[in-house]
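Please have a look at the model first.

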Amino acid sequence: MKIKLSCYSVLLIASIGILFGFDLGDEIYGSKSAPDNSHYSSIEYPPKSTSVYIDDFNGDNSIAGLNARGYKTINHSTPVGSTGWFQGSVQFVAYNGPAAGYVAANFNNTTGGSGVIDNWLIFPRISGGIQVGDSLTFWSRSNVTTGTNYPDSIRVYYSASGDSTVTGAWVELGRFRVINPVAGAANNGYEKRGFVAPSNGANGRFAIIYHVNNAGPTGTNSDFIGVDAARIERTIAPPPNPTTWYEINTPVTGILYSISAPDINNVWASGAAGKVIKTINGATFTSASGNLPASDIIYSIWAFDENNCLCSTTPSSTIAWKTTNGGTNWNQVFNQAGGFIDGFYFKDVSNGLMVGNSVGGRSSIWKTTNGGTSWDSAGINFSSTAAGWVNSISGNGNVVYWGTNNSKLYKSTNFGTTWTSTSATGESDSYAVYFNDASNGMIGGNTLLQSTTNSGTNWNTVTPPGTVNTIFGITGTGTANYWVTRAGNIYQTTNTGASWTNPVISGSGIFQHITKSRTGSPYLYACRSNGTIAKYGGPSVGITSISEIADQFSLSQNYPNPFNPVTKITFAVPVSGLVTLKVFDMTGKEIATLVNAQMNNGNYSVDFNAANLSSGIYLYTIKSGNFTDTKKMMLVK
């Protein structure tokens, strides 16, 4: 390949003040006048748990060789040159493997003048497609030069539809200046980058674009780059352990309708009397109601993180509210007279959908592109009299499902622009909807469950667990693993409903909604009609393991006793099973649930804080299997 022979010192003087890089009014990324290499999107390392695609570029990296491996190579430079991506050469050695085992590009991508390099390397499709959260990682570098660096630059794009042209539906994931390392730099002078897929795509593809303005044979911003050791990596979440369910008390005693967990620690819930609560540690909930109307009911909620959250209220009118300061202040971002918002779904932090009951013979669907600050329904609604149900929306990338009261489940494959209906036999009301991926899902109604493995084309009747009450909540992992709420119980299946466990957790109060943390380990949170929340994941708050072996059931006298206001209760469990430990007053009214969890053989202790109770005698009762025991304790203030 042709190599620039111009004197580097002359180029340095000539290029002072030139704003290189990305067009469309972007910031200066790594120009000679501002050699800032920090403007890029990246993921954390070490790599994720498994690689679903690997290319060390140790083979034939000619156009023909790349195309034979499933790459698309498009030279979209202006003017188009004779050279695209090519085999690595003596400019520098590969990150790993043979010295020339990398794929390269240079200023010959354009012919004549300075030109614009826009050279695309579109990665092959992989079996099973791209999943949201998959990451493309690779190593890159440019030439080692004397006295100055050419600001060669790379952009990274993603398309969920697997577009093979530069005019397709590409989303930019990030951009950066390719480093020109000093001699003797580590990793053969290469730097690692990582970029995360924002949505699922059965035919999804990543693309690396060598993009430089004022490039070409006489340009001052390009020289030579290499890319090596590419991986598409995926985090494989371990199946949840159903032995770590337990109860969390909250400041709310009334009904909680909806719960949202952007990660394992930040969780928000909403309910009657204008109540919003949240936790930032996955355990201790505090009020986040701010200025929300206490007379309204908050039926649906969607949280982004510790500070940013959306919720909807009714019945004064249907209003959407947004907070950016953790619930201290809420701003009205939407209002519809006579409507009812059922739920939210966001495919990323900016792009979301909001669905609700039909108004005036027209479906109620809105989109936002700015995180819920503003909403628009132009062109995406259709004629309908259907009503939806609270939390009856589920999505994976651009594929979205929405449950209604007219025996239909609505589906969109283009993020709400158009919808088709799919009938689920016997389900007049789709109260609960959840899809583990774009194909595998389950819906629940008054008495029935339905499952699909082909995106709702066909539905199979599933015998639901339990015997009474509506199925209000479904969540899941993998393809066949689901949790279903019914009355005060949560059940689990690992085979799409062919069989069910006994309740993994049960208690008073009807479960209204269950959700899975969207990031982190698959922690589960479910909210009830009595203000309590059941949680899977992490240590049971306040429960301490004393030893791993117990010979027999026992419940010890609390210590100290009398107490004010905290006391400790110890107990022993000789066989694994569901354990409940509850506190009652002398009339038999339940005061608190200290333990409600599947526990292994062992000796444990738990603290009871009675700061909000009056002095008096209280009872505490343990139950596990056929074992029951009750003791008295005295609170003296």
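Let's begin with β39, which is joined to strand β44 (residues 602–609) by four bridges, the two running antiparallel. Within this pairing, Ser-547 sits opposite Asn-603 of β44. Strands here are DSSP runs (E, at least two residues), numbered from the N terminus, as are helices (H or I, at least four); two strands pair if DSSP finds at least two bridges between them.

The model is a predicted one, in which local features need pLDDT of at least 70 and side-chain atom pairs count only at pLDDT 80 or more, while totals for chains, interfaces and linings use all residues. Residues are numbered from 1 along each chain as its sequence is written, and side-chain values use heavy atoms, leaving out hydrogens and water.

β39 and β44 belong to an open sheet of four strands, ordered β39-β44-β41-β40 with antiparallel pairing. Its edge strands, each pairing on one side only, are these:

| Edge strand | Residues |
|---|---|
| β39 | 543–547 |
| β40 | 554–555 |

Stepping back, the chain holds two helices and 46 strands.

How far can you trust the model? The average pLDDT (the predictor's confidence in each residue, from 0 to 100) is 84, and 88% of the residues score at least 70. Over residues 238–243, however, the pLDDT is below 50. pLDDT also stays under 50 over residues 1–47. Where pLDDT is low, the predicted coordinates should not be read in detail.

Key. Contact = heavy atoms within 4.5 Å.
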